[in-house]
Amino acid sequence: MSTNEATTRAVDKAAPTAKGLDRALNALGTLMIVLSAVTPASSVFIIVPGVIALAGTGSFLSFVIAAVIGLFMAFVYAELSSAYPMAGGEYTMIGRTLGRFWGFVTLVLVFVSIVLIVAVIALGVGTYLGVLIPNLSPQWVGVVTIALAGTVAAMRIKLNAFVTGIFLGIEMLALLILTGLGFAHVERPLSSLFTSPQLLDATNTLVPASAGIILAATAVSLFAYNGYGAAAYFGEETQDAKRNIGKVVVWALLITVAAELIPLTAVLLGAPDLAGLLAAPQKIEYFLEARGGHALTVLISLAIAVAIFNAVIAIILQAARLLFSSGRDKTWFGPINAAVASVHGSYASPWIATIVVSVLAAVACFIDINLLLVVSGTSLVVIYALLCLAVFAGRHNGTTAGGHYRMPLFPVPAILAFVALVYVAYQNLLDAAFGRPSLIATLLIMLVAAIYYVLMLARRTDWNLHGPDELAG
């Protein structure tokens, strides 16, 4: 290692970045926050039942296929975030590789999606607290959840890593209990999930699950794994970020797959009555009641409420850093830029950006949840596709040459991920009930972003994509 490189790494590890973000996290601390944003337990209790309803025991293969696609996307994220471990996340990666226009479109898409996702998951807290306190208002429980989570998120990042780590341990324990109950009462062989997946037809009869249905369910399974790329948002607060962020992304994906796929397998193999499981409106709760009893079901439900609260903290942290980055780049107007780019003197956190995100998410709690899902649904597919294009562009124009992580077997993972995303978009286009409106909503958001860019940003010389190194220099 050269003297200059050693000096650079020492500064990167020890010093706060420009504008006051404190490089206080080691790789493990960043991983705790990222896994909290993914929130595997919430996925198992909220998303997994929907996949089971669609594909029956074929949901196992759907999650396996989604895991392979997720690994390809993790390679894409790891390479780009290693080159640009900055608070802007996808906005910075795409803006630096594909150009300022696509960077700004990504900024708007990601920010709208994150704010709405915070509202969606916060609304779920009331559902699980309802086992103790019935007739809670989901909207006001969501608002209180966001207010408390936002308060925690405005504190020091190291404190947030500690808090989210404790809550993450609670949700992982809930998943271990679920897994143990399933594998302690195996009713059918593992091979049945591969060779003869089944689902319920309209007459509640078990029938084979077709390959088409399994592939369609894969589109939903992809979203259950999403969140591992959030590591990039904490790059300015992670020690030796260029070397560590790529590893955090890949490990976050691998741990998430294990934390979701293994409990799913346990439930499918350990359910006492397969038809009863597939017909139950609350599938995981049905399994818990059958194998663990009511008291355990209540206890696990409370653990899931904790997991959701933990996810709200982690995602607010992520969104606040995105907004902070946009203000630092002078994306908006003078007073707004200065406010959201400001950092608290004691906590070294983007506290005003955190408040703005929390207020917007709290207001969104009063929007119809179906509309929230429609608006945020397809954005992820578009963002993933742009990232696949960005990794090609970065290799071609050399903008990612400074990163320390290179995906294996390039360009195969990026190509396969992009093809899979095209298929998911096609499935959304065919789905007139949800997918098509969601795709239209995403395109409208992109159109609004494009108009703002052309009218406000294209000719401005003060708007640029900054990072801590440039600002420090």
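Residues are numbered from 1 along each chain as its sequence is written. The model is predicted, so local features need pLDDT of at least 70 and side-chain atom pairs count only at pLDDT 80 or more, while totals for chains, interfaces and linings use all residues, and side-chain values use heavy atoms, with hydrogens and water left out.

Q: Is Phe333 buried, partly exposed or exposed?
A: Phe333 sits in the loop between helix H15 (294–328) and helix H16 (334–340). Buried means under 20% relative accessible area, exposed means over 50%, and partly exposed is in between (1.4 Å probe, protein chains only). Phe333 has 42% relative accessibility, so the label is partly exposed.

Q: How are H3 and H15 oriented to each other?
A: Axes are lines fitted to C-alpha atoms, for helices over the stretch in contact, and angles run from 0 to 180 degrees between N-to-C directions. The axes of H3 (residues 40–55) and H15 come within 8 Å and cross at roughly 120 degrees. Under 35 degrees counts as roughly parallel, over 145 as roughly antiparallel, 65 to 115 as roughly perpendicular, and the rest as oblique. That's why H3 and H15 are oblique.

Q: How many salt bridges are there?
A: Side chains of opposite charge can pair when their charged atoms come close. The rule here asks for a side-chain nitrogen of Lys or Arg within 4 Å of a carboxyl oxygen of Asp or Glu. By that rule, the count is 5.

Q: How many residues apart are Arg395 and Glu79?
A: The side chains of Arg395 and Glu79 meet in a salt bridge, 2.6 Å from N to O. Arg395 belongs to helix H19 (residues 379–397) and Glu79 to helix H4 (residues 59–83), so this pair links distant parts of the chain, and the gap is 316 residues.

Q: Is Glu79 buried or exposed?
A: Its partner in the salt bridge is Arg395, which is partly exposed at 29% relative accessible area. Glu79 has 0% relative accessibility, so Glu79 counts as buried.

Q: How many residues apart in sequence are the parts tied together by Glu236 and Arg328?
A: These two side chains form a salt bridge, 2.7 Å from N to O. Glu236 is in the loop between helix H11 (211–225) and helix H12 (241–270), and Arg328 is in H15, so the parts they tie together are apart by 92 residues.

Q: Is Arg321 buried or exposed?
A: Arg321 meets Glu237 in a salt bridge at 2.7 Å, N to O. Arg321 is in H15 and Glu237 in the loop between H11 and H12, so the pair ties together parts 84 residues apart in sequence. Glu237 has 1% relative accessibility and is buried. Arg321 has 0%, so Arg321 is buried.

Q: Which peptide bond is cis, with omega near 10 degrees?
A: Most peptide bonds are trans, and most residues other than glycine have a negative phi. Pro411 lies in the loop between H19 and helix H20 (412–430). The cis bond runs from Phe410 to Pro411.

Q: Is Leu409 buried or exposed?
A: Leu409 is in the loop between H19 and H20. Leu409 has a positive phi of about 60 degrees although it is not a glycine. With 67% relative accessibility, Leu409 counts as exposed.

Q: What distance separates the C-alpha atoms of Gly398 and Thr97?
A: Gly398 lies in the loop between H19 and H20. Gly398 and Thr97 are 301 residues apart along the chain, and their C-alpha atoms are separated by 8.7 Å.

Definitions and conventions:
Helices (H or I, at least four residues) and strands (E, at least two) are DSSP runs, numbered from the N terminus.
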